[in-house]
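The following paragraphs consider how two chains meet, moving from the overall extent of the interface to the pairing of individual residues.

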Protein chains: 2
Amino acid sequence: MKELSESELIALLRSCGISPSPQRIAIYGYLKSHPVHPTADVIMKELKPHLPTLSLTTVYNTLKLFVSKKLVSEVIIEDGELRFDADLKDHAHFKCTRCQQVFDLFPEGNRMDISGLPALPEGFSAESVHICFRGKCSSCRE
Amino acid sequence: MKELSESELIALLRSCGISPSPQRIAIYGYLKSHPVHPTADVIMKELKPHLPTLSLTTVYNTLKLFVSKKLVSEVIIEDGELRFDADLKDHAHFKCTRCQQVFDLFPEGNRMDISGLPALPEGFSAESVHICFRGKCSSCRE
DNA sequence: TTTATCTTTGAAGTCACTACAAATACAAAA
DNA sequence: TTTTGTATTTGTAGTGACTTCAAAGATAAA
């Protein structure tokens with residue numbers, strides 16, 4: 001939840017080969033300071049007041065650019081809504097089926113231990129794993 | 001991949017409280033004999049020749065009914081395409097980023113060992129876990 | 001300053017999926 | 001059998017997330 005300074009954001013963008021336009025800084029800054037896996041739509045609504053000319057196309061284009069440069073990752077939790085995550089550390093997700101909130105689940109240590117999961121067939125190589133639990137969060141459980 | 005007889009399909013539908021119309025039998029039979037996680041669209045295209053009056057609405061309604069009765073499960077792998085799986089046994093998925101095929105990964109024994117995954121926070125309870133690897137399958141890897 | 005390249009923008013389009021209301025099939029009651 | 005009610009299917013029209021596209025605006029290089 002920590003706020004990054006503009007110059008830190010610019011440095012991070014540059015380090016991925018992305019030239020730091022105001023829109024890109026704003027979108028990346030929003031993702032960094034709001035780790036709630038927002039959709040493009042949410043980002044648009046939140047940033048519009050500060051960047052009145054912002055267009056939805058730009059939001060989509062920018063997010064796609066970030067993903068292609070591996071600055072953020074796509075999170076697929078529910079069909080029909082693509083979410084984005086600026087936290088690249090290994091973690092799983094939990095979606096509450098009542099309040100619809102998405103929670104991060106970080107592993108003890110820093111790496112996820114996937115040794116208990118089914119092994120890949122001969123010759124297969126994995127680049128990523130998505131793990132998403134579904135159930136009730138503590139506040140929705142009573 | 002084994003073909004079920006029509007009477008077996010009907011019995012399975014009935015056991016979930018679903019009255020076995022020709023459309024429902026066809027869709028469930030297709031899912032059972034084609035464990036490739038088809039989308040509604042694929043199911044429609046495949047069944048249309050045998051059931052010329054079949055409508056896409058029926059396919060969607062029927063799949064939704066199956067899911068609500070826990071006869072099949074939804075598989076979310078890529079955004080913008082909801083897939084369906086008639087195999088309810090515990091398993092993970094692997095999507096090849098080159099040929100786009102989706103593979104089933106069954107665990108040794110029958111249960112998936114998720115003890116290495118991040119623990120749920122106090123008070124949370126999970127109803128399901130979706131696990132999806134992404135990478136290259138053996139044929140796409142050379 | 002000129003020219004070329006990036007980036008943003010909004011309007012129109014696509015595509016998966018849904019809502020809806022009419023039509024058909026099926027089943028129970030008379 | 002006929003009547004009446006309930007399920008199921010169907011096609012059309014709609015919704016909403018996302019993309020395409022071409023023009024406008026901003027940046028950078030020559």
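In this predicted model, chain A and chain B bury about 3,400 Å² between them, and carbon and sulfur atoms give 62% of that area. Within the area that chain A buries against chain B, 18% is supplied by Pro118(A), Phe124(A) and Phe133(A), which is more than any other three residues supply. Counted by contact, the interface brings 41 residues of chain A together with 41 residues of chain B.

The polar side of the interface can be described next. Between chain A and chain B, 14 residue pairs are in polar contact, with both residues of each pair at pLDDT 80 or more. Two salt bridges are found across the interface of chain A and chain B, and a salt bridge joins the side chains of Lys136(A) and Glu127(B), at 3.4 Å from N to O.

Which elements of chain A give two or more residues to the side that touches chain B? They are the strands E1 (73-78), E2 (81-85), E3 (92-96), E4 (102-105) and E5 (125-136) of chain A, and E5(A) provides the largest share, with twelve residues. Sorted by class, the side of chain A that touches chain B consists of 23 nonpolar, nine polar and nine charged residues.

The strand E5(A) also pairs directly with its partner chain, for eleven bridges join E5(A) to strand E5 of chain B, residues 125-136, and these two strands run antiparallel. In this pairing, Ile131(A) stands opposite Ile131(B) in E5(B).

Definitions and conventions. Residues numbered from 1 in each chain as written. Chains lettered and ligands numbered in written order. Predicted model: local features only at pLDDT ≥ 70, side-chain atom pairs only at ≥ 80, totals over all residues. Heavy atoms only, no water. Contact = heavy atoms within 4.5 Å. Buried area = accessible area lost by both parts, 1.4 Å probe. Salt bridge = Lys/Arg side-chain N within 4 Å of Asp/Glu carboxyl O. Polar contact = N/O pair within 3.5 Å; in protein donor to acceptor, adjacent residues only side chain to side chain. Helix = DSSP H or I, 4+ residues; strand = E, 2+ residues; numbered from the N terminus. Nonpolar A, V, L, I, M, F, W, Y, C, P; charged D, E, K, R; others polar. Pairing = 2+ DSSP bridges.
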